[in-house]
Amino acid sequence: MAVVQGNKALTDFTVRSGERFVSQYYDVLNSAKAEMHHFYGPAAVVVWNGFPVPASSLQAFFSSSLPVAKFSTTSVDCQPVPGVLPGSDGNTAMANILVAVAGEIDYGKNVIKTFSQTFLLVQDTSKPKAVFIIASDTFREVGATTE
Amino acid sequence: MEVEEWKASIFGLPGCSVSELLKFLRSKIGALSAQVDMKGNKAFLTIASSKQANALKRVDGMSFKRSKLSVRVTGPSGGGNSSMEMEGSSSRVGKGSKSKMPFKKSYNANEISALESALAARYDAGSQCLQLDALHQVGNARTFAPHFGNKVFVDLLLDCLRRNVPDLAMLSLQHNYIKDLRLFAGLGKAVPGLKALSLASNAVSSFKDLDALALPGLCIFELGDNPVTRNIDPVEYQWQVLRRFPDVVTLDGAPTEATVRFPLPDDVLASVQASPGLPATGSYAEDGGPGELVQAFLSKFLAVYDSPDRTGLLDAYHPTESYFSLTAEGDIDDVTTDAFAKKKDRRPRRGRKKGKDDVADPSLVDYYPLSRNLLAVTTVTERMKRVACGNIDVINAITHLRATAHDTSSAVADQVVAYAGSVPVIIVSLHGVVCETADGIVRPFDRILTLTQAEPESLAAAAGWPLYVINDMLRVRKAITNDRQADTVLRALSPGPSGPSDAPSLNPDQMSLVRELSLQFNFNFEFASAVLDANGWMPDATLAALQEMDARGAIPANAYN
């Protein structure tokens with residue numbers, strides 16, 4: 001691909017933040033499901049396999065509705081999503097982060113499914129420091145590995 | 001025709017009104033029309049229908065408002081709690097006073113033939129059923145002196161059965177004062193094919209006696225109204241019978257239920273027994289959202305993408321703030337997130353890039369140099385190299401990818417609207433299969449697009465794009481090489497991209513029921529919602545219907561995920 005013309009520092013920052021998010025997200029998902037809801041903002045839009053999960057029910061969703069399973073990631077990619085598009089007032093605000101994850105869910109009993117999950121991470125403006133929360137989470141199981 | 005009048009007495013009632021009692025009874029047995037006379041904790045019912053009266057017997061032992069009920073049902077002339085309906089049944093004959101039959105020590109030919117003709121009269125060849133209730137009340141009974149405590153008589157009877165009706169299927173011995181079943185030890189040899197036996201309204205006092213009966217094929221059994229079964233816990237009764245006659249399916253007219261229950265809350269069991277998997281449904285789009293606009297955009301986007309000239313997509317991407325990158329499956333060995341957890345060194349611990357020789361899918365190898373899997377590509381330079389920024393760069397990148405033909409009918413597109421700062425963006429997660437036309441390779445893919453509204457004066461709008469792309473992340477997966485893989489992938493995708501009009505019109509409670517049912521049995525959305533809908537969205541009725549379907553083997557294979 002051609003030499004990148006974008007903002008190098010911006011993209012790099014985005015990418016590293018995204019990586020850190022992914023490692024934390026799935027670690028918590030595998031070991032402390034009941035705490036997962038902390039990642040999500042109060043107005044988060046969450047859709048798992050086509051079913052919307054209201055932000056207020058996230059804690060219950062992760063604690064009880066999720067079957068026992070181990071998540072692992074096989075691929076992670078991140079891109080910045082501009083907060084304000086240039087041309088409106090010329091400033092690009094702190095960029096938001098789009099994260100695309102592909103991985104596997106091991107349900108045990110030799111059932112392994114592949115999943116694809118997409119997050120939009122935005123800055124939590126209620127916190128002073130650079131804290132990012134999930135504004136949207138779309139999850140889907142997209143196949144099963146052959147046994 | 002005389003009108004039958006059945007009487008039932010119910011003891012152990014909690015405080016309740018007649019109508020409450022009737023409502024409870026009807027909830028258990030269905031239709032019931034009866035005159036009810038209530039006295040304190042007792043109720044006396046007069047019922048015209050024998051069917052309803054028989055059904056009422058099932059209420060014996062049930063709990064009503066935390067009181068255990070005791071139900072006794074008597075037939076028109078005072079007959080006992082039996083419900084076996086057999087040809088020519090005359091079980092209305094009362095017990096009367098104890099039989100005064102003498103014990104005969106031996107039988108001559110005349111007496112034997114008298115017995116045999118009595119048996120013949122009560123035998124129905126069509127149903128292979130012999131009805132020997134209250135044998136002592138037969139006209140010429142004194143001739144053969146039926147006394148079921150008399151070993152000589154019982155042996156004679158069994159011998160007659162063996163000689164005359166060895167293929168007997170049903171035998172009723174009600175109201176015969178039968179006490180000692182050990183005398184019937186030869187029953188199994190005499191009529192080995194016996195399927196139904198009624199010993200109701202006798203004097204059996206111990207289950208141990210049943211051990212003597214060797215009837216392996218027994219399916220229908222009655223032992224009600226005997227000292228041993230009076231006031232017995234129904235579950236224990238079933239157990240005692242089933243351990244001796246494991247094939248019994250109908251006991252005292254009622255089907256044998258599964259087993260005992262345990263004090264577990266319902267949801268614990270559901271969550272533990274759930275087949276692996278999350279419930280899934282079709283493409284998601286918010287009601288009142290930009291669904292149609294997105295559909296229109298996607299159709300146009302994919303059409304141009306599949307055309308020989310992808311440069312038509314230039315104006316679909318934002319001139320400066322658009323990004324494209326791709327990842328390819330199999331570019332790295334199994335890597336778990338542990339590799340990243342605390343280490344400063346971000347090299348994946350178990351990762352190893354693949355060369356041409358050790359990949360499962362060689363057709364993906366060309367993608368690997370472009371694949372921007374952060375778990376595999378760790379240097380900043382490389383990561384920068386593999387993302388395109390700005391529409392010219394993006395178009396440059398995508399025109400170098402293989403020519404494609406997308407299968408839009410099986411694709412799933414979940415769309416959500418979120419705010420990136422002050423800008424509303426539509427995030428579309430597209431999952432489907434694509435054919436690489438040069439070689440005919442078919443592979444599954446995932447594509448994440450973030451779209452935003454094109455201002456009317458923008459180049460995008462001028463070129464006819466209602467929305468334009470800010471982010472585009474493509475993932476190409478291993479080619480589908482056989483039907484089995486195709487099936488797995490396509491089953492994971494629900495049929496058809498659905499716009500807002502296709503979204504299931506279920507309210508949140510219904511969705512929650514569908515999800516729970518799917519979770520419990522691993523049904524897919526369509527089947528779960530169909531069966532719930534067919535049962536009025538009532539969980540108990542649905543479960544009962546499913547059990548019944550399962551027993552008939554009527555749950556289709558495509559009901560599952």
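Start by selecting B:Asn471, which sits in strand β19 of chain B, residues 467-476. Keep in mind that this is a predicted model.

Is B:Asn471 buried or exposed? B:Asn471 counts as buried, because its relative accessibility is 0%, below the 20% cut-off.

Now show its polar partners. One is in chain A: the side chain of B:Asn471 makes a polar contact with the side chain of A:Gln79, at 3.0 Å. Within chain B, the side chain of B:Thr450 makes a polar contact with that of B:Asn471, at 2.6 Å.

From chain A, take A:Gln79, A:Pro80, A:Val81 and A:Leu98. From chain B, take B:Tyr323, B:Ile448, B:Leu449 and B:Thr450.

Next, go to strand β3 of chain B, residues 42-47. Strand β1(B), residues 6-11, runs antiparallel to β3(B), joined by 6 bridges. Strand β2(B), residues 34-39, also pairs with β3(B) in the antiparallel sense, over 6 bridges. Click B:Ala43: B:Ile10 stands opposite it, and B:Met38 has it as bridge partner. Then look at the hairpin of β2(B) and β3(B), with 2 residues between the strands. B:Gly40, in the turn, has a positive phi of about 65°.

Finish with the nonpolar cores. The largest has 50 residues; B:Leu171, B:Phe184, B:Leu187, B:Leu197 and B:Phe221 have the most contacts inside it. Helices of chain B that each supply at least two residues to this core include α3 (109-121) and α7 (234-244). α5(B) gives the most, with 7 residues. Another core, of 40 residues, lies apart from it; select B:Phe301, B:Val394, B:Ala460 and B:Val469 among its members.

Notes:
Residues numbered from 1 in each chain as written. Chains lettered and ligands numbered in written order. Predicted model: local features only at pLDDT ≥ 70, side-chain atom pairs only at ≥ 80, totals over all residues. Heavy atoms only, no water. Core = buried A, V, L, I, M, F, W, Y, C linked by side-chain atoms within 4.5 Å. Buried < 20%, exposed > 50% of the residue type's maximum accessible area, 1.4 Å probe, protein only. Helix = DSSP H or I, 4+ residues; strand = E, 2+ residues; numbered from the N terminus. Polar contact = N/O pair within 3.5 Å; in protein donor to acceptor, adjacent residues only side chain to side chain. Contact = heavy atoms within 4.5 Å. Pairing = 2+ DSSP bridges. Lists of a residue's contacts leave out its neighbours within four places in sequence.
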